[in-house]
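Student: I have a new model open and would like to learn how to read it. Can we go feature by feature?

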Amino acid sequence: MQAINLNLAPEERYGGILGGAALLAVIAGFVISPANAFPSYLIGFLFWIGLTLGCLPLLMLHHLTGGKWGYALRPFLNAGLATLPLMALLIVPIFFGLQHLYPWAGLAGEHTGPVLRARAFYLNTPGMVLRAMVAFSLWLGLSYLLVWRRTSPDEQPARIRSRLQLTSGLGLAAFMVVTSFVFIDWLMAVEATWYSSIFPAIVVVGQVLCALALTLLLRLHWADANRPEVEQLNHLASLLFAFVLVWAYLSVSQLIIIYAGNLPHEINWYLRRTRNGWLGVALILVTVQFVLPFCLLLFRGIKRSPRMLTALAVAQLAVQAVAMFWYTAPAFRPTLRIAWTDPVAFVGIGAAWTFVYRRQALRETPPNAPHRR
């Protein structure tokens with residue numbers, strides 16, 4: 001096998017310097033302004049781990065269903081899972097800032113105190129750490145079974161395929177259950193009294209949509225000979241369209257149920273995210289994550305156009321960052337504002353994630369293909 005040159009490219013060196021400086025600035029923010037720095041870090045962490053976790057259901061879905069669409073994305077899905085150990089390390093700062101992130105870990109308000117006391121058996125530091133450990137163990141275990149496990153040369157292809165299908169079928173069910181509990185801990189719990197059984201599924205589907213957009217974007221522009229054929233593009237765009245519809249269905253279902261219930265502890269989540277400037281962010285989210293891709297992906301010509309799919313993929317990546325900001329920031333900021341720690345934390349985590357991802361993508365793509373530098 002031909003060795004791959006892994007010397008740092010100029011953009012990697014500059015990106016590493018920028019990312020290192022951003023991470024140092026975040027650490028300084030933890031000390032100087034923890035009330036701003038820890039929410040910013042949480043927002044950035046949720047976006048980048050979403051790109052990682054979104055690769056796992058896509059990979060398991062392909063093992064279950066087959067089809068040419070998955071083979072075009074497989075190297076980039078595998079590369080995404082290689083960032084799991086990094087994200088397991090980057091979650092540690094969140095555990096040191098729980099009192100700045102979650103009402104149950106800090107001072108409760110007059111009316112939220114009884115609610116938090118009733119939930120204390122679940123929402124507590126040891127429980128949150130334990131559930132995070134269980135979740136990362138499951139994600140890493142599935143990644144090992146699906147990607148990193150070495151297969152014996154004597155093992156029959158049919159047996160390998162059956163094993164991967166069984167792992168993927170059971171793994172998808174376990175993934176949704178465990179990941180839902182994790183997002184209750186990491187994201188839903190930033191609100192003291194709010195709860196929605198649909199919300200974790202909305203977040204997971206959004207992350208799968210974002211990971212699909214990233215892998216499609218890279219497959220379209222990665223400099224090798226395995227770019228998707230026209231029919232593969234059509235299938236990938238149809239899959240993107242399907243996840244857009246699922247995300248919209250779940251989001252609208254949650255809104256209808258909460259609107260019909262008209263309960264103060266439920267509607268306050270929407271009121272906080274549609275007032276004081278936040279309504280504009282919500283409209284951007286609805287337009288870019290649903291209306292535009294829904295209207296455009298109805299046309300076969302657009303689904304087969306690399307240029308249009310590139311634009312849609314970039315839009316989905318950008319709007320997922322907006323979604324994480326809209327889900328999280330209003331719990332800490334009554335009015336719309338961007339703190340200096342927001343871009344710093346996003347860039348710092350993203351630089352580390354991108355470095356690991358790119359290195360693994362270079363290993364996963366064919367060794368004889370020319371790679372961009």
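Tutor: Start with leucine 89. It counts as exposed, because its relative accessibility is 58% and the exposed class begins over 50%. Keep in mind that this is a predicted model.

Student: Where does leucine 89 sit?

Tutor: Leucine 89 is in helix α4, residues 84-90. Leu89 also belongs to a nonpolar surface patch, made together with Val92 and Phe96. The patch covers about 330 Å².

Student: Where are asparagine 262 and asparagine 276 placed?

Tutor: Asparagine 262 lies in the loop between α11 (230-261) and α12 (264-272). Asparagine 276 is in the loop between α12 and α13 (278-296).

Student: Is asparagine 262 buried or exposed?

Tutor: Asparagine 262 is exposed, because its relative accessible area is 53%.

Student: Next, charges. How many salt bridges does the structure hold?

Tutor: The idea is a Lys or Arg side-chain nitrogen within 4 Å of an Asp or Glu carboxyl oxygen. The structure holds 5 salt bridges. One of them joins the side chains of arginine 131 and aspartate 185, at 2.5 Å from N to O. Arginine 131 lies in helix α8 (residues 125-148) and aspartate 185 in helix α9 (residues 157-186), so this pair ties together parts that are 54 residues apart in sequence.

Student: Are those two partners, arginine 131 and aspartate 185, buried or exposed?

Tutor: Arginine 131 is buried, with a relative accessible area of 18%. Aspartate 185 counts as buried because its relative accessibility is 2%.

Student: Which residue pairs with arginine 304?

Tutor: Glutamate 231 does, with a salt bridge of 3.2 Å from N to O. Arginine 304 is in the loop between α14 (300-303) and α15 (306-328), and glutamate 231 is in helix α11, so the pair ties together parts that are 73 residues apart in sequence. Now check the cover. Arginine 304 is partly exposed, at 28% relative accessible area. Glutamate 231 is partly exposed too, at 37%.

Student: What does arginine 333 form with aspartate 342?

Tutor: Arginine 333 forms a salt bridge with aspartate 342, with the closest N and O atoms 2.7 Å apart. Both arginine 333 and aspartate 342 are buried.

Student: Which residues are linked in a network of salt bridges?

Tutor: Glu191, Arg272 and Arg273 are.

Student: Now sulfur. How many disulfides are there?

Tutor: A disulfide is a covalent bond between the sulfur atoms of two cysteines. The test here is a pair of cysteine sulfur atoms within 2.5 Å. The count comes to 0 disulfides. Take cysteine 55: the nearest cysteine sulfur belongs to cysteine 210 and is 9.5 Å away.

Student: What is tryptophan 139 in contact with?

Tutor: Set aside its neighbours within four places in sequence. Tryptophan 139 then has contacts that include Ile49, Leu53, Leu56, Leu84, Phe175 and Trp186.

Student: Where is threonine 328, and what is threonine 328 in contact with?

Tutor: Threonine 328 lies in helix α15. It is buried, with a relative accessible area of 0%. Beyond its neighbours within four places in sequence, threonine 328 is in contact with Leu42, Ile43, Leu46, Leu187 and Arg273.

Student: One last residue. Is glutamine 360 buried or exposed?

Tutor: Glutamine 360 is buried, because its relative accessible area is 18% and the buried class runs under 20%. Glutamine 360 is placed in helix α16, residues 341-364. Leaving aside neighbours within four places in sequence, glutamine 360 is in contact with Asn78, Ala79 and Ala82.

Technical notes
Residues numbered from 1 in each chain as written. Predicted model: local features only at pLDDT ≥ 70, side-chain atom pairs only at ≥ 80, totals over all residues. Heavy atoms only, no water. Patch = residues over 30% accessible without salt bridge, like charges linked within 9 Å, V, L, I, M, F, W, Y side chains within 5 Å. Areas by Shrake-Rupley, 256 points an atom, 1.4 Å probe, with all protein chains shown as cover. Helix = DSSP H or I, 4+ residues; strand = E, 2+ residues; numbered from the N terminus. Buried < 20%, exposed > 50% of the residue type's maximum accessible area, 1.4 Å probe, protein only. Contact = heavy atoms within 4.5 Å.
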